[in-house]
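The entries follow the order in which I looked things up.

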Amino acid sequence: MAEAADCRIALAALAAVEARLPGPGTAWLTAAEDLRLQGIVAALRRRQYLAGHWLLRTMASEAHGGDAADWRFEADEDPRPRLRHADGRLLWASLSHSGEHLAAAIAAAPVGLDLERPRKPRDYVAIARFLFSPEEADAVVATADGVARERVFHRYWALKEARGKRGGEGLQPSQARRVTARAAAAGTAEAWHWELPDGGCLALAAWPGAVIEPGIDAAPTGAWRYADAD
């Protein structure tokens, strides 16, 4: 029998999730969610917010039972998203979006997920020198300019974002420079990344030994652990 997953991820087109929304209303949102939605002005961001919060509910329902609307976002001083079922069961969650695509994760413990898709060209070396550890920045510099460098940059960026979401502190440059992501064996890995066909990257930060059910048609491209930068 396959080992039960304690962390599940999904990657979906925004329009596909919107097609599954429970009607045009927002009665399924909590009061805190609805208040947050009212403060979002950008149309795309409002779409991402609604679709992402419904995607997490449907993932929880499909994996752990109950109606999707029975899983409610829990809000307190901890900034990390959580879903609590009407019967008291708790799941940790993470969301990421990029344009017309969404990524989501639900897990038995704190988890972070980040989706990065290609955007307009940027100075990857300069950003890496500012935000990454010296080891990571050197890896970006050592990669030939073009698509290959863009992939390496997105990999480290997504891994850092995922770690910041897992811990709840977000991506803080001073802290990000002090932590480096290093390739790890399966038994010691606490993070994973998937390279996407369009040059983007999906990264998940969980915990060593996490059993992951990937919601994409590919095995992880790499496994990682976080360490203090030298």
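Predicted model: local features only at pLDDT ≥ 70, side-chain atom pairs only at ≥ 80, totals over all residues.

**Entry 1: helix 2 and helix 3.** I began with helix 2, residues 31-38, and helix 3, residues 43-64, whose axes come within 10 Å and cross at roughly 160°. Angles over 145 degrees count as roughly antiparallel, so helix 2 is roughly antiparallel to helix 3. I noted the crossing of helix 2 past helix 3 as right-handed. I then listed the residues in contact: helix 2 contributes Glu33, Arg36, Leu37 and Gln38, and helix 3 contributes Arg46, Tyr49, Leu50, His53 and Arg57. Sorted by class, this contact of helix 2 with helix 3 comprises four charged, three nonpolar and two polar residues.

**Entry 2: the length and end of helix 3.** I asked what span the 22 residues of helix 3 should have at 1.5 Å a residue. Just after helix 3, I found glycine 65 with a positive phi of about 90°.

**Entry 3: aromatic pairs.** I looked up how many aromatic pairs the structure holds. There are six aromatic pairs. Among them I examined tryptophan 28 and tryptophan 54, whose ring centres are 5.0 Å apart and whose planes lie at 65°, so the pair is edge-to-face. Tryptophan 28 belongs to the loop between helix 1 (14-18) and helix 2, while tryptophan 54 belongs to helix 3; the pair therefore ties together parts that are 26 residues apart in sequence.

**Entry 4: helix 4 and helix 6.** I turned next to helix 4, residues 124-131, and helix 6, residues 147-167. Their axes come within 11 Å and cross at roughly 30°, which makes helix 4 roughly parallel to helix 6. Helix 4 passes helix 6 in a left-handed crossing. On the helix 4 side I recorded Tyr124, Val125, Ile127, Ala128 and Leu131, which meet Arg149, Glu150, Phe153, Trp157 and Lys160 of helix 6. The contact of helix 4 with helix 6 has seven nonpolar and three charged residues, with no polar ones.

**Entry 5: helix 5 and helix 6.** Which way does helix 5 run relative to helix 6, roughly parallel or roughly antiparallel? The axes of helix 5 (residues 134-142) and helix 6 come within 8 Å and cross at roughly 160°; the two helices are therefore roughly antiparallel to each other. I noted a left-handed crossing for helix 5 past helix 6. Glu136, Ala139, Val140 and Val141 of helix 5 meet Arg149, Val152, Phe153, Tyr156 and Lys160 of helix 6.

Methods. Residues numbered from 1 in each chain as written. Heavy atoms only, no water. Axes fitted to C-alpha atoms, helices over the stretch in contact; angles between N-to-C directions. Helix = DSSP H or I, 4+ residues; strand = E, 2+ residues; numbered from the N terminus. Parallel < 35°, antiparallel > 145°, perpendicular 65-115°, else oblique. Left-handed = near helix turned anticlockwise from the far one by under 90°. Contact = heavy atoms within 4.5 Å. Nonpolar A, V, L, I, M, F, W, Y, C, P; charged D, E, K, R; others polar. Expected span 1.5 Å × (residues − 1). Phe/Tyr/Trp six-rings, centres within 6.5 Å; stacked < 30°, edge-to-face > 60°.
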